[in-house]
Amino acid sequence: MLRLPPFTFRRPATLDEACALLAGEGAGEGRPVRVVAGGTDLWPNLKRRQEEAATVVSLMGITGLDGIGNGGANPGAGAHAGDRDGPTGSAAGELCIGATTTLDRVAASPVLRASYPALADAAAGISTVALRNMGTLGGNLCLNTRCTYFGQSEDWRCSIDYCMKEKGEVCWVAPSSDRCWAISASDAAPVLAALGARVRLVSCAGERAIPIAELYRDDGIEWLAKRPDEILAEVLLPAASAAGGRCRTAFRKLRRRGSIDFAALTVAAAVWTGDSGVVERASLWLGSVASSPLQARDAESSLVGRRLDPETIAEAARLCRREATPLDNADFTAQWRSRMVEVWAADALRALVRFPS
Amino acid sequence: MSVLSPVPVTTLPLLVNGEERVVAFPVHHTLLEVLREECGLTGTKHGCELGECGTCTVLVDGRPILSCLALAAEMEGRSIETVEGLARGSELHPLQRTFADLGAAQCGYCTPGILMAAKALLEENPAADEAAVKEALAGNLCRCTGYHKILQAVAWAGAILRGEHDARPEHEWLYGSPEPSSTDRGEAKPGGEEVGARG
Amino acid sequence: MADPIRQLGAPGEAPALRPGRVVGTPFRRVDGRAKVTGRTLFADDLAFPRMAYLRLVRSTVPHARILRIDAASALAAPGVLTVLTGADLPEPFGIMPVSQDEHALCLDQVRFVGDPVAAVVATSEDAATEAARAVVVEYEPLPTIATIDEALATPHDDERIHHHGDGGNVHKKVSLRFGDLEPGFAAAALVLDDLFFYEGSTHLPLEQHAAVAVPEDEDRLTLYSSTQTPHYLHRALAQVLGLSAGRIRVIATPCGGGFGGKSDPFSHEIVAAKAALRLGRPVKVTLTREEVFYCHRGRHPVLMRLRTAFDRSGAMRAQHLRTALDGGAYGSYGVASTYYTGALQTTTYRLDAYRFDGVRVFTNKPPCGPKRGHGTPQPRFGLEIQLDKAAVELGLDPAEIRLRNLAPAATVTANWLRLGTNGLERCIDAVVTGSRFRERWGRLPHGRGLGLACGAYLCGAGLPIYWNHLPQSAVTLLLDRSGGVTVACGESEIGQGSDSVLAAVVAEVLGLPLGDVRLSVADTDLTPVDLGSYSSRVTLMVGQAAIEAAEKARELLAGAAADQLDVPAARLVFAEGRVLDAADPERSMTFTEAVWAAEARHGLIATAGSYTPPRAPGRYRGAGVGPSPTYSYTAAVIEVEVDPTTGLIDVEQVWIAHDIGRAINPVLTLGQVEGSVYMGLGEALYEEQVVRRLPRHRSGASVLRAVSMLDYKSPTFLDMPTVETYLIEEPDPAGPFGAKEVGQGPLLPIAPAVANAVYDAVGVRIDEVPVLPHKVLAALDAAKRGDPARFGPKRFPEVDYGETLIVPTPAEGGDGTAINDWRDRERRGMRGAGGTMAERSAEPRSGRR
């Protein structure tokens, strides 16, 4: 049986305690302290010895770090409820989702289903029922980047002399390149980016709320802008009507099988249209094609000021394909995935047209 | 030889199949390991230990989870159900009966995990249709059955749980009636002695 | 005695009690309750006092000499009890006598990433795992050989992976010719010459291999293992451990999925046994999922060239099949696999002139072996697609061209296989009618298509793996004066329902309720030899042995009961736990009373039955692979939807008809068909076991692409289409109650039916599996460019197959031997000439009767 390596386990009851543990002695130096929520990413990574931990701090014992609610009513306020009115607190009408809210709750939430169906869809499509009952939204956002050369056992990685994401020299996906091309595999990230969500990061040094797009770095090794002593405490979604106009969202995912598999490609689309049906603002993000969620800026621009007619959709989809460069580090061939960017993007955009009024 | 282990160990009361027991185990051991090795409940199987096959599925507070990816140390105060707790005394749960009768368990190795996932589904929705059953069980791989007998068994058990005690599976002749009836599809029935069953 | 069902059903007998018919009616499998309650104990569920845990250290390089193994720090690690290396187990082994090329732990050379090099035993699995990481192995790299082409291009001694086989990295060459092909090709209305490729795949049983070795008193050892072949494992253990087989007990635990993947004796089993003997305490080894991928023995990747002559009516007049098998690093069943890629080509359709050339090569990859269908799905894929192409060329319906080619029942084929009953015509009728194939094929809208394909399979290999004249299956019955009967047989339950078949057959003959039949199985101390769960042999061979044992017991009981009841023994019927007079059912006694009467007269009532397959008519070298007591037949139609913009394929429905002879238990039979369809669809559309190589100038690494359940794409509930199954019952006299096999045959038509359906949907030929979306798109792109609308292999390597054995066919008046083989000439005068068991012809011996 594949087993976890030994570690010390802490299960704090408050976010403050958890932050203190992360800032504690030895943290970040040789004896890594790791945060775990649902465990569906960290435990396999530890079993495969892709990551290490001397101490693991579970967030699952923290009351109030899970839940979905509006602003102050958010159970996710938890220990830091008092900070809510501060500069990083939620804006009016913002919807807050606690970091340890499990993916099945995100998928089933009537509020999200009604206002942000793409997020509910994305959550509902992650892996399997049992995994969604364990995995959390915060965990999905912090998911380690994935690569077919990295997501393997220790012996397997030894067989290829490892890669630059750990102790190796090269990136086997692109051996002449000087960077790691492991991909961002979070399904929630591109949707939340398209929706303009923010995340609240908490540490002993204080807290900050940053746009989710800024949480990610285009680097397979250092993929998060979050400091190791920071805990992603909650996700803040702008009010559905905040940007004016009607917001429609769609999420599409490509994978080999009907479940279990990570995405080979995801498309998250959000458009805000005026009464005339003309797109006032568009947000198009691609997942699983780069080390961070990828914003298809040209495609977005091409949509603004136009109606979502077949021609517009086809052009935006073509632009998406041009902006994404999938490499051979996920399922399917890179070339085919590249072609599918266009097909899947068009499908997502068409879904926006069918969005019930 | 070292006998003193540097491995942190914990002792917790675990509520398994309605029975509480105090168990000591290394903190890095998963619920799967503790159930099988500390509690002697080997009915819960393992197929990958990485959350990729569903074989180790158990219920925690009524919800299916993967015991290979859950620390036993997180289980205090939670209610854990395994396949050993499914029958009431010697009376099989309807799912167990239908799985046994339809051959939905061939090698039987994925069976405990699938039974637990199906139990959670039927408790939430005894009227789950085939699409819902597929969705609920899609994380549980089976290499033997092609899933058909499992779908039929869950549908039959659902009917029994809904109180339809005389419920019989589709193609009743297959499951105990003395003489095979011909295929009951009206159109395009192949002639001769062959008998048909639709999965 | 006649078939009891028929006897009971005969006119005029009409017993008042309804006979306890078991055979033919659905019943709960005898291990059903244990499997749904979690009570079934698989190998890894076993625990013994003082049990230690073993972890193998596996090679991280594809091909190298071992320079040094440093286990000092592993030995010093907490909890470690011992470390074993190749020097501890120097005796080689291998499933086939001709390929004794494996070592429990590599001696001086590693041949693939995953080859076991050392073993660490510790007081816990955690400790064994940690310590195994500390074992240092120093390697001197050797060139990596990872493809058929590379293996063929490395003929020199210093480039060889093994020093046995047919030269260089060629493990086995076969070249056989049956009849004259020239007239057929010369007169052909159509000659098709196609290349096909069937990618490798693995069994992926849900249960990872596991074994527990328990030392017993006085140099005795018990090994519990998840194996399909306890008897062959028993022999391998005796051979490698140097212990008399009488001191080794092998118990096959219920097997959590096999599919052929647990049919070889494995390193971990032998090493655990050695460690247990050394330490004097039980040792458990449970492989990780990744290690199961390294054990492999799965489907051989096979490149094929198939050249066939058709006449105007669509009849095949001559065929030349060339195959090249990528065998991986060891022999395993490979010699048999090589022959199997050609042997069954004649069983479905009549072929009077047939030539087969096959070659298997060694490569630095996990060894291939037998997977469900063993060597036959690959050529079946080629043949069934080529028939589809021929039908299109000749303007025939794909069903019609098959019906025009059907192999006649109860004949001997050109390559000297004796066919039994053949229900293929009815199978084709059933699926064609069920799917409305004739009305819809070629007429569906673009993107939607139907594909038809057929297949045939063995009902047990005619010969055992090692050379002997002994029965291939045996069953003993012990009748209990307190009631019931104990049945002992070496068969091993791997989920296919073999225990249930055994119990049902005995219950049927003795008229007992199933619950009164107690089984003792797969225990070399207690049960007579059965060769194991492979080659679809169990229902037929175990069934026949069980019938013989039960009929002997019934005869003894009937004699004694007849006297007491004062009725002629011939009039007695055994039903519902009673022995009764068919003419006057009031005259009866219980089964137990009959046992008393018989035991009083004869002493203990214990009977034995055994089964040896009938002699096969082929006598040429290689004739040992292919013969079977009879063959099962299958036809399938598959409907797909293909998206021309993505190449993605959605299988909508499968119609499948299987000639089962007679279903012992229809519900379990359906389960086998559905499971075969599933595994076939996996191979057709999802699964592949392939290696990934790094840029050559940077690294010689060659690793499996998928070593996890995440990366290896076994279809889920959501990927499985509806399956409509028709069981065609045409009892075969060779089978118990007429039964044939069902575990493997239904897989065969699936992959070609998918490919044929894709053609019907979008007009392109995908001549390889898996049929992946990028291949469909590539073929559609090619069609748009005006290139052949096809995706598949483009060349077949030049292979020196050696001298072709020329075997005159039955029609040519042959005697089953080759005219140009000195061995055949010698054998006529002398037994026991060289060659492997597989290559030898069967010696004359009788069947069950």
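In the predicted model, chain C contributes 29 residues and chain A 24 residues to the contact between them. On the chain C side of this contact, helix H4 (125-133) and helix H20 (773-785) each supply at least two residues. The side of chain C that touches chain A is made up of 13 nonpolar, nine polar and seven charged residues.

Within chain C, seven strands form an open sheet with mixed pairing, in the order E3-E5-E1-E12-E9-E10-E11. Strand E3 (80-85) and strand E11 (248-252) of chain C are the edge strands, each pairing on one side only. Between neighbouring strands of this sheet the turn is 20° on average, direction ignored. Strands of a sheet pair through backbone hydrogen bonds, in either the parallel or the antiparallel sense. One antiparallel pair in chain C consists of strand E9 (residues 210-216) and strand E10 (residues 220-225), which are joined over six bridges. In this pair, C:Leu221 of E10(C) is the bridge partner of C:Pro215.

Helix H8 (residues 267-279) of chain C lies across several strands, namely strand E1 (52-58), E3, strand E5 (116-122), E9, E10 and strand E12 (283-286) of chain C. Relative to E9(C), helix H8 of chain C runs at about 30°.

Further along chain C, strand E20 (residues 572-575) and strand E21 (residues 578-581) pair in the antiparallel sense over four bridges. C:Val573 is placed opposite C:Leu580 in E21(C). E20(C) and E21(C) form a hairpin with two residues between them, and C:Glu576 in the turn has a positive phi of about 50°. E21(C) also pairs with strand E22 (residues 588-590) of chain C, in the antiparallel sense and over three bridges. In this second pairing, C:Arg578 stands opposite C:Thr590 in E22(C). The hairpin formed by E21(C) and E22(C) has six residues between the two strands.

Chain B contains five helices and six strands. From the N terminus on, the elements of chain B follow the order β-β-α-β-β-β-α-α-α-α-β. Of the 199 residues in chain B, 59% are buried. Among the contacts in chain B with a separation of 6 or more, 56% are between residues 24 or more positions apart.

Conventions. Residues numbered from 1 in each chain as written. Chains lettered and ligands numbered in written order. Predicted model: local features only at pLDDT ≥ 70, side-chain atom pairs only at ≥ 80, totals over all residues. Contact = placed C-beta atoms within 7 Å. Nonpolar A, V, L, I, M, F, W, Y, C, P; charged D, E, K, R; others polar. Pairing = 2+ DSSP bridges. Axes fitted to C-alpha atoms, helices over the stretch in contact; angles between N-to-C directions. Buried ≥ 20, exposed ≤ 12 C-beta atoms within 10 Å, placed from the backbone.
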